[in-house]
Amino acid sequence: MDKIAVAKGDGIGPEIMDAVLGIFNAAKVPLEYEVVDMGKWVFDKGYSNGMTTEAKQTIEDLSILFKGPMETPKGKGVKSVNVTARKTWNTYANKREFQTLHGVDTVFSKAGIPIDITIVRENIEDTYGGIEHLLTHDVALGRRFITRPGSLQVIKYAFEMAKKKGARRITCGHKANIMKLTDGLFLEVFYEVAKEYPELKADDVIVDDLCMKLVTRPDLFDVVVLTNLQGDIVSDLCAGLVGGLGFAPSANIGDHISIFEAVHGTAPDIAGKNIANPTSLLLSGLAMLRHLGLMETSAIIENALLYTLESGIHTGDFGDKTIPSVNTTEFANAIIGNFGKQPSINAKPIIANNYKTPTHFVLDNNPMLESIESIKEEIVGVDFFVESHVQPKIVAELALKHTLTLFKLTTVTNRGTQVWPTGSIFTNLVNTYMCRFESADGEPLTQVDILELYKRMTADFKVCSMELLNRIGDKKLYSSAQGQ
Ligand code: NAD
């Protein structure tokens with residue numbers, strides 16, 4: 001029997017994990033569980049990443065982590081163990097499946113509108129890189145990373161998953177009309193990958209429109225793939241469509257290690273009372289069984305869960321209030337008692353188990369480091385973010401005073417809006433400007449040219465940050481300012 005790592009978590013974590021493992025044992029799931037030390041009490045013992053060295057080693061050896069919710073201590077400057085785990089082990093695809101559950105009333109279930117949406121959220125990049133700086137007391141700047149190999153990994157996974165699910169449609173949610181280079185890159189990769197899957201209808205929807213359409217016609221969507229932050233928001237929206245976070249499973253998929261967890265938190269208000277709803281963790285556990293090829297076992301348990309929900313049995317957080325609620329253990333026992341029963345809707349087909357031992361391998365060298373791009377970028381300018389409280393005209397005059405003949409000052413912006421050479425007196429200003437210098441004759445520049453200009457600018461400004469402007473052929477690899 002194969003072993004997987006289990007971290008029970010904090011708050012209600014141990015109660016719901018024990019309930020789920022009880023159901024697994026009753027269903028004779030052919031897995032052994034090695035409990036590892038992760039969570040708040042591990043932070044409290046002095047481990048700054050919330051897991052012991054042994055826990056990290058065990059998870060890396062076993063490849064699969066099944067985890068309960070964990071608390072991140074507040075005010076100690078430590079990072080969330082949940083995010084650390086996803087990023088450290090490159091679980092690049094967060095898959096959340098949302099479906100109508102009979103017995104969990106929502107506006108859509110009452111209206112007879114079925115929901116079966118899978119959200120695939122990129123799990124590593126975007127603003128979750130945490131690259132943020134306060135440039136001045138008044139101005140904070142955050143950067144988001146969207147990379148071609150990172151986008152390719154998650155989008156390929158989404159297409160493969162959609163094909164296996166028998167999906168009709170796969171949609172890319174994005175904001176490429178505003179974030180033309182970052183979301184634009186994600187969207188470009190989406191359509192490149194789409195060419196390899198002609199059997200799937202691939203389309204894209206701008207994320208704000210997507211949210212509106214999801215809450216009006218959720219039945220039109222099948223698989224949706226998004227960047228990290230937008231995916232985070234849209235997946236919670238979808239959880240709301242099917243009855244809340246208590247019914248939302250989450251799988252963090254990587255090539256080496258995968259993590260399966262409930263999406264809700266540790267629910268400290270009800271911890272220790274044996275009244276928590278284990279459904280989200282159970283659904284995540286079932287996604288784990290399917291990931292391991294345990295299709296039949298997963299279907300038997302899922303059908304029993306759906307049957308139990310249909311028959312009105314519920315914990316206190318949902319369901320018909322005229323029917324008394326049961327506690328966590330009673331809910332788990334009801335599911336066990338319903339093994340072999342079929343729900344009237346959404347019954348899962350019983351497909352034979354096809355167990356695959358998780359592959360244990362490590363990255364000797366990282367293939368994502370190799371770019372397929374053969375043409376190199378040329379430097380053709382620089383953006384300097386400078387602190388200043390004077391008017392745009394004066395900023396431009398000072399910047400022009402320092403401009404070397406190799407450069408021309410093309411724009412000065414404030415919060416992304418052009419304020420020089422043209423602008424409006426109605427544009428509100430903060431004390432950080434961006435001065436854009438581009439190559440005067442269009443010829444490439446060197447980093448030493450940039451440094452020389454940087455040095456000259458420091459005579460009149462604090463240069464808070466700088467960004468090189470690149471070009472490949474005729475294509476500028478930087479965006480224009482608003483109003484430029
Ligand atoms: P929460 O999800 O823990 O609780 C929000 C509300 O939902 C509470 O009223 C709670 O009682 C209820 N609830 C949550 N899960 C439930 C369940 N299974 N059954 C019945 N009711 C349930 O969110 P929070 O209060 O914002 O966060 C509490 C802690 O959890 C924080 O320390 C947070 O950092 C952590 N957290 C961890 C994860 C994770 O491990 N993936 C995710 C979110 C929050």
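At what angle do helix 1 and helix 12 pack, and how far apart are their axes? Keep in mind that this is a predicted model. Helix 1 covers residues 13-26, and helix 12 covers residues 328-337. The two pack at an angle of about 20°, and their axes are 10 Å apart. Angles under 35 degrees count as roughly parallel, so helix 1 is roughly parallel to helix 12. The crossing of helix 1 past helix 12 is right-handed.

Which residues meet there? From helix 1, we have Glu 15, Ile 16, Ala 19, Gly 22, Ile 23 and Ala 26. From helix 12, the partners are Thr 328, Ala 332, Ile 335 and Ile 336.

Now to the strands. Look at strand 5, residues 116-122. Is strand 5 mostly covered or mostly open? Mostly covered: six of its seven residues are buried.

Strand 5 has two partners to point out, strand 4 and strand 10. Take strand 4 first, residues 93-99. Strand 4 and strand 5 run antiparallel, joined by seven bridges. In that pairing, Lys 95 sits opposite Val 120 of strand 5.

Next, strand 10, residues 223-226. Here the direction is parallel, and four bridges join strand 10 to strand 5. Find Arg 121 on your screens; opposite that residue is Leu 226 in strand 10.

To recap: strand 5 pairs antiparallel with strand 4 and parallel with strand 10.

Terms used. Residues numbered from 1 in each chain as written. Predicted model: local features only at pLDDT ≥ 70, side-chain atom pairs only at ≥ 80, totals over all residues. Heavy atoms only, no water. Axes fitted to C-alpha atoms, helices over the stretch in contact; angles between N-to-C directions. Parallel < 35°, antiparallel > 145°, perpendicular 65-115°, else oblique. Left-handed = near helix turned anticlockwise from the far one by under 90°. Contact = heavy atoms within 4.5 Å. Buried < 20%, exposed > 50% of the residue type's maximum accessible area, 1.4 Å probe, protein only. Pairing = 2+ DSSP bridges.
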